[in-house]
Amino acid sequence: MRTLTVKGIRIDDTFAEAFGMRATALTITAESARWARQAAVTMTGFATSVIGCGLEAGIDRMLGPRDTPDGRPGARVLLFSMSTTELQKQIASRVGQCVLTSPGSACYAGLEGEESLRLGNALRYFADGWQISKRFGARHYWRLPVMDGEFTCEATTGLTKKAVGGGNLLIMGGSTQTTLAAAEAAVKAIDAVPDAIMPFPGGIVRSGSKVGSRYKGVVASTNDAYCPTLRGAVTTALDDDVASVLEIVIDGLTPEAVANAMRAGLEAIVKLGPRRGAVRVGAGNYGGKLGPHHFHLKDLLR
């Protein structure tokens, strides 16, 4: 594979292949930033990949009181799925189990979309007939009595069909320590990009996968070409100076958000340099045959 060398780091002349997804955003508030974050973290747990979780989700950003509907600290979370039906199912169950249950919480629409998803409209029946409907202008809310007071929840939230999932960077380093340092630098930079999330733990995934398996019924399996311990047993994609590989997967509300996030991550890796971080950066794709969105690394370099 051809590579470009930027400040001592080899950048593969390749692209990340990403897919169209359905997505929404929610704003979760509470009496303190701590409890707003707690509700958001709990709600977005076990949401790393649609392959096994049905949903990919994460915190987009924390919000100050001036940026929330009720003037309290909050968090904006993004949720992605492959179908509207699955997204609706996941929202109802996750808000019901993780936000409704969290002390002092409230939940509001975080996105204006071309269609609507049920939010409070799906949860109001928990109030067992004691729910109260409130309208303020064009907004519709439900108030549900709970043991610490009331849970306020907007009736619906917006759905976008322009979301993109699967932007990625493959970060290769000479040791586990330097590879992780490069990945952490990239995560920190990407975290500042709006409308994009990294759904895996801390934004990083070590168990990158390929499509299919030698075992019947397994839809994805370990990306053996990038496993250092399999070098010599398989056709490897790794150079001799690569001892560890980590991947960052990115979902965004728009293709531009994914491109901006990948660019920020790539710039952070290059800035860290090969001695303290990565010696090479690549991206995962399927030959351009499956996903309509192609993010070429060379085009992201400034």
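## Exercises on salt bridges and nonpolar cores

A network of salt bridges (a side-chain nitrogen of Lys or Arg within 4 Å of a carboxyl oxygen of Asp or Glu) links R10, D12, D239, D241 and R280. The model is predicted: local features need pLDDT of at least 70, side-chain atom pairs count only at pLDDT 80 or more, and totals for chains, interfaces and linings use all residues. Residues are numbered from 1 along each chain as its sequence is written, and side-chain values use heavy atoms, with hydrogens and water left out.

**Exercise 1.** Describe the salt bridge between R280 and D239.

*Solution.* 
- Step 1, distance: the closest N and O atoms of R280 and D239 are 3.1 Å apart.
- Step 2, position: R280 is in strand β16 and D239 in the loop between β14 (220–222) and β15, so the pair links parts of the chain 41 residues apart. Helices (H or I, at least four residues) and strands (E, at least two) are DSSP runs, numbered from the N terminus.
- Step 3, accessibility: R280 is buried at 5% relative accessible area, whereas D239 is partly exposed at 29%. Buried means under 20%, exposed over 50%, and partly exposed in between (1.4 Å probe, protein chains only).

**Exercise 2.** Treat R76 and D195 in the manner of Exercise 1.

*Solution.* 
- Step 1: the closest N and O atoms of this salt bridge lie 2.7 Å apart.
- Step 2: R76 belongs to strand β5 (residues 74–81) and D195 to the loop between α4 and β12 (196–197), a separation of 119 residues.
- Step 3: R76 is buried, at 7% relative accessible area, and D195 is partly exposed, at 27%.

**Exercise 3.** Which residues have the most contacts inside the largest nonpolar core, and which element gives the most to this core?

*Solution.* 
- Step 1, definition: a nonpolar core is a set of buried Ala, Val, Leu, Ile, Met, Phe, Trp, Tyr and Cys residues joined through side-chain atoms within 4.5 Å.
- Step 2, residues: the largest core has 35 residues, and I248, I250, M262, I269, V281, F295 and L297 have the most contacts inside it.
- Step 3, elements: those supplying at least two residues each include β3 (15–29), β11 (156–173), α5 (255–272) and β16 (278–282). Helix α5 gives the most, with ten residues.
- Step 5, second core: a separate core of 29 residues includes M43, A57, L119 and A155.
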